[in-house]
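Morning, everyone. Please have a look at the structure on the screen. I'll keep this short.

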Amino acid sequence: MSTIIIAVILGVVLFLAGRKLWKDKKSGKSLCGGKCANCAGCANCCSRHKAESKVEKNG
């Protein structure tokens with residue numbers, strides 16, 4: 001019985017963590033914390049850099 005309770009609690013925690021990440025991503029918050037110097041995929045995750053690259057491509 002205790003195994004089931006622990007599994008349910010773990011499932012709820014994972015669901016809430018995933019939902020928070022999804023909502024943050026949807027609202028435009030960066031997952032890298034904004035420290036672009038330390039982020040290898042910064043151009044892909046930061047909305048600021050996405051906007052800059054669109055401006056550079058358009059002229």
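Let's start at Asp24. Is Asp24 buried or exposed? Its relative accessible area is 16%. The cut-off for buried is under 20%, so Asp24 counts as buried.

A quick caution before I go on. This is a predicted model.

Now, what does the side chain of Asp24 meet? It meets the side chain of Lys20, in a salt bridge. The distance from N to O is 2.9 Å. In general, side chains of opposite charge can pair when their charged atoms come close.

Look at the spacing. Asp24 and Lys20 are four residues apart in helix H1, so about one helical turn separates them. Lys20 has a relative accessible area of 49%. Exposed starts over 50%, so Lys20 is partly exposed.

Next, the helix itself. H1 runs over residues 2-26. That makes 25 residues. From its first C-alpha to its last, H1 reaches 36 Å. At 1.5 Å a residue, the expected value is 36 Å, and H1 comes close to that. After H1 comes Gly28. The phi of Gly28 is positive, near 95 degrees.

Back to the start of the chain. Met1 sits in the segment before H1. Its relative accessible area is 75%. That is over the 50% cut-off, so Met1 is exposed. Met1 also belongs to a nonpolar surface patch.

Let's zoom out to the whole chain. It has three helices and zero strands. From the N terminus on, the order is α-α-α. How much of the chain is buried? Of its 59 residues, 7% count as buried. Asp24 is a buried residue, as we saw. The chain exposes about 5200 Å². Carbon and sulfur atoms supply 65% of that area.

Last point: confidence. The mean pLDDT of the chain is 74. Of its residues, 49% reach 70 or more. Where is confidence highest, and where is it lowest? The highest is in H1, at a mean of 93. The lowest is in helix H3, residues 47-58, at a mean of 54.

Definitions and conventions
Residues numbered from 1 in each chain as written. Predicted model: local features only at pLDDT ≥ 70, side-chain atom pairs only at ≥ 80, totals over all residues. Heavy atoms only, no water. Patch = residues over 30% accessible without salt bridge, like charges linked within 9 Å, V, L, I, M, F, W, Y side chains within 5 Å. Areas by Shrake-Rupley, 256 points an atom, 1.4 Å probe, with all protein chains shown as cover. Salt bridge = Lys/Arg side-chain N within 4 Å of Asp/Glu carboxyl O. Helix = DSSP H or I, 4+ residues; strand = E, 2+ residues; numbered from the N terminus. Buried < 20%, exposed > 50% of the residue type's maximum accessible area, 1.4 Å probe, protein only. Expected span 1.5 Å × (residues − 1). pLDDT = per-residue confidence, 0-100.
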